[in-house]
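Subject: Handover of the model

Dear colleague,

I am passing on the structure we spoke about, with some notes on what turned up when I went through it. Please read them with the coordinates open beside you.

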Amino acid sequence: MKLVNHIVAVAALVAPSLFAAPMPENAELLATNSVVAVYTGTQERPCMHRTALCPDRCDHGAKVAVFRVLRNDNYSCPGKYGDDKAEVGSVIMIDVRNEVPGQDDSVKALISTLNPGDTVAMTQDHYYGEIGCCMTPFRPVTKIEKVEKPADAPELPALAPQHPVMPLRRAR
């Protein structure tokens with residue numbers, strides 16, 4: 001039990017430095033999507049109770065800005081693996097609480113000024129690289145700017161409502 005407590009304590013000390021890191025030197029670019037998207041709002045995404053540290057010590061919960069793709073202007077996938085092309089109507093979520101390696105603070109600053117219905121042109125890259133002691137994917141937004149809604153923008157169907165996560169209950 002002491003070993004588990006020691007591992008948790010070390011992870012708590014190391015975790016902030018893992019996620020507040022600049023772009024790792026060995027990061028491999030897997031895909032790039034440049035899109036025009038409409039901002040639909042910001043959502044709290046709760047922890048989904050997937051590890052022993054959940055829900056109070058895991059940091060799985062996130063606050064994300066949600067965008068719906070109106071048009072994909074440029075897509076490339078130089079790697080064997082990588083995100084698919086962002087299709088019209090698909091959703092892009094950007095973490096606005098945690099630091100994303102390779103993403104400038106101006107991205108969060110611009111998102112904080114948006115109102116639901118505003119349109120942006122953005123480029124999101126998909127990388128795979130070593131952050132701290134593990135290899136992990138990360139998706140920084142490398143360009144974002146507010147633009148006028150395109151005249152030929154499609155009418156998107158509404159998204160299904162988000163259901164709250166049911167709390168875990170112990171059997172008695």
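Against which strands do the buried residues of α2 pack? They pack against β1, β2, β3 and β6 (141-147), and since this is a predicted model, that packing, like everything below, should be read as a property of the prediction.

The residues in question are Val107, Lys108 and Ile111, which are the buried ones of α2. Because they cover an arc of only 95° around the axis, they sit on the same side of the helix. As a reminder of the background, an α-helix has 3.6 residues a turn, so residues three or four places apart point the same way. On the face of α2 turned away from this buried side one finds the exposed residues Asp105, Ser112 and Thr113.

To place that helix in the whole, the protein chain contains 2 helices and 6 strands, arranged along the sequence in the pattern α-β-β-β-α-β-β-β. Of its 172 residues, 34% are buried. Among the contacts with a separation of 6 or more, 73% are between residues 24 or more positions apart.

The side chain of Gln103 comes to 2.9 Å from the backbone nitrogen of Val141. Apart from neighbours within four places in sequence, Gln103 is in contact with Ile94, Asp95, Arg139, Pro140 and Val141.

Turning to the aromatic residues, I found 2 aromatic pairs in the structure. In one of them, the rings of Tyr39 and Phe67 have centres 5.4 Å apart and planes at 50°, so this pair is tilted. It links distant parts of the chain, with Tyr39 in strand β1 (residues 28-45) and Phe67 in strand β2 (residues 62-76), 28 residues apart; both Tyr39 and Phe67 are buried. The other pair, Tyr127 with Phe138, has its ring centres 5.7 Å apart and its planes at 15°, and is therefore stacked. Since Tyr127 belongs to strand β4 (residues 119-131) and Phe138 to strand β5 (residues 134-138), this pair ties together parts 11 residues apart in sequence. Tyr127 is buried, at a relative accessible area of 14%, and Phe138 is likewise buried, at 5% relative accessibility.

β4 and β5 run antiparallel and are joined by 5 bridges, one of which can be followed from Tyr128 to its bridge partner in β5, Pro137. The hairpin of β4 and β5 has 2 residues between the strands, and in it Gly132 takes a positive phi near 70°.

Finally, the cysteines: how many disulfides does a search of the whole structure find? The search finds 0. For Cys133, the closest cysteine sulfur is that of Cys134, at 4.9 Å, which is too far for a bond because a disulfide requires the two sulfur atoms to be within 2.5 Å. Cys133 is exposed, with a relative accessible area of 70%, whereas Cys77 is partly exposed at 31% relative accessibility.

Note on methods:
Residues are numbered from 1 along each chain as its sequence is written. This is a predicted model: local features need pLDDT of at least 70, side-chain atom pairs count only at pLDDT 80 or more; totals for chains, interfaces and linings use all residues. Side-chain values use heavy atoms; hydrogens and water are left out. Buried means under 20% relative accessible area, exposed over 50%, partly exposed in between (1.4 Å probe, protein chains only). Rings of Phe, Tyr and Trp (its six-membered ring) pair if their centres lie within 6.5 Å; planes under 30 degrees apart count as stacked, over 60 as edge-to-face and the rest as tilted. Helices (H or I, at least four residues) and strands (E, at least two) are DSSP runs, numbered from the N terminus. A polar contact is a pair of N or O atoms within 3.5 Å; within protein, one must be able to donate a hydrogen and the other to accept it, and residues adjacent in sequence count only if both atoms are side-chain atoms. Contact means heavy atoms within 4.5 Å. The arc is that of the directions from the helix axis to the C-beta atoms. Two strands pair if DSSP finds at least two bridges between them.
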